[in-house]
Amino acid sequence: MTGFPTVRLRRFRRTKGTRSLVRETRLSPERFVAPIFVRHGSGLREEISSLPGVFRVSPDGAVAEARELGKLGVPAVILFGIPERKDDVGSEAWADAAAVQETVRRLKDSAPEMVVMTDVCLDEYTSHGHCGVVCNGEVNNDATLPLLAQTAVSQARAGSDVVAPSDMMDGRVGAIRRALDAEGFPEVAILSYAAKSASAFYGPFREAADSAPKFGDRRGYQMDPANRREAMREIALDLSEGADAVMVKPALAYLDVIRDARERFDAPIAAFNVSGEYAMVKAAAKNGWVDEKRIVGEILTGIFRAGADFVLTYHAREAAEWLADRSLPL
Ligand code: PBG
């Protein structure tokens with residue numbers, strides 16, 4: 001056995017060049033997906049207070065944002081909608097004239113190479129803030145499925161490339177696949193939020209979308225954060241129902257789940273570096289407590305090292321800029 005002093009691992013750590021040669025995980029904007037919040041209007045750009053640097057924009061603003069992301073090498077966006085009106089079933093989710101659908105059409109016209117993903121869920125659209133139809137104080141699984149399927153079809157009709165169900169109803173991937181195929185959209189892919197935990201890390205998103213549940217919480221349908229084996233069952237089921245790619249969400253407290261998924265499945269794996277993860281970095285950086293660029297570089301590297309193929313992250317734009325101007329310290 002060869003060891004010290006023959007072996008010195010520091011030799012390849014000495015310079016930027018040697019470190020670069022042996023780096024095992026590389027950051028690239030080609031693996032980022034940027035979330036965009038859209039609402040009706042024009043010229044609208046409202047900063048979300050708990051997500052500094054993230055805005056609610058009107059469709060024209062989303063197009064401008066997507067163009068800039070494209071120039072930076074970010075290939076994909078995921079759209080979340082802020083409705084004009086909420087109701088108890090979330091009917092604006094599947095309205096062809098809603099902000100998300102309108103934005104998809106515009107993006108497909110003016111930035112055709114951009115991959116457009118759309119979040120399929122009802123919580124932004126329901127008056128009670130839950131992800132499905134509420135019956136007797138509980139979210140009813142099977143009554144929700146046709147509404148999710150209808151939402152996905154409406155998004156596909158607008159031109160969405162990838163629909164991403166985030167509701168955690170059982171059987172929704174199958175219901176969405178059947179509906180897409182029946183309506184003539186066999187080419188539209190499904191990215192399933194397969195292993196999504198009931199998490200406090202979604203706090204800022206709920207402020208952004210005004211989608212916090214008005215009663216109770218989401219523990220009756222989102223996963224218990226403690227369950228690693230169950231996460232594998234969720235992923236296996238979604239793949240068997242026809243998911244083209246699966247997601248682990250949140251990312252940072254769940255890196256072991258990403259790694260397990262990578263080792264068990266050959267399907268593409270996404271991770272969502274969620275709103276609370278972003279907000280914590282921004283708050284600490286604003287106070288001068290952490291070095292933002294280095295923290296972001298390390299966080300994204302960690303998620304890829306754990307095994308994700310691509311990452312949904314609010315840092316997408318800035319991280320892509322830092323990679324482009326080589327200011328990300330590596
Ligand atoms: C549901 C949805 C949520 C997020 C993505 N899709 C919120 C939730 O489940 O409460 C959270 C994303 C984030 O926190 O960045 N439509």
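1. Two helices each put at least two residues into the lining of the largest pocket: helix 1 (16-22) and helix 10 (292-306). Of these, helix 10 is the top contributor to that lining, with five residues. Please keep in mind that this is a predicted model.

2. How much space lies in the largest pocket? The computed value is about 460 Å³. Its lining is made up of Arg19, Val22, Arg23, Glu24, Thr25, Arg294, Gly297, Glu298, Thr301, Arg305, Pro329 and Leu330. Sorted by class, that lining has six charged residues, three polar and three nonpolar. Among the charged ones are Arg19, Arg23, Arg294 and Arg305, along with Glu24 and Glu298.

3. On to the aromatic side chains. Searching the whole structure turns up nine aromatic pairs. One of them joins Phe80 and Phe205: the ring centres are 5.0 Å apart and the planes meet at 80°, so this pair is edge-to-face. The cut-off at work here is that planes over 60 degrees apart count as edge-to-face.

4. Are the two partners buried or exposed? Phe80 has a relative accessible area of 2%, so this residue is buried. Phe205 is buried as well, at 12%, because the limit for that label is under 20%.

5. A second pair has another geometry. Phe272 and Tyr314 are tilted, with 6.1 Å from centre to centre and 35° between the planes. This pair also links distant parts of the chain, 42 residues apart: Phe272 belongs to strand 11 (residues 269-273), and Tyr314 is in the loop between strand 12 (310-313) and helix 11 (316-324). Phe272 is buried at 2% relative accessible area, and Tyr314, at 8%, counts as buried too.

6. Where do these two pairs belong in the wider picture? Phe80, Phe205, Phe272 and Tyr314 are members of one aromatic cluster, which also takes in Phe37, Tyr193 and Tyr278.

7. Finally, have a look at Tyr202, whose ring has two lysines over it. The charged end of Lys196 sits over this ring, 5.4 Å from its centre. Lys249 lies over the face of Tyr202 at 4.4 Å from the ring centre.

Key:
Residues numbered from 1 in each chain as written. Predicted model: local features only at pLDDT ≥ 70, side-chain atom pairs only at ≥ 80, totals over all residues. Heavy atoms only, no water. Phe/Tyr/Trp six-rings, centres within 6.5 Å; stacked < 30°, edge-to-face > 60°. Buried < 20%, exposed > 50% of the residue type's maximum accessible area, 1.4 Å probe, protein only. Helix = DSSP H or I, 4+ residues; strand = E, 2+ residues; numbered from the N terminus. Lys NZ or Arg CZ within 6 Å of the ring centre and 35° of its normal. 1 Å grid on protein atoms, 1.4 Å probe; cavity = no way out; pocket = protein on both sides within 12 Å on 5 of 7 lines; lining within 4 Å. Points joined across faces, edges and corners; volume = space filled by probe spheres on them.
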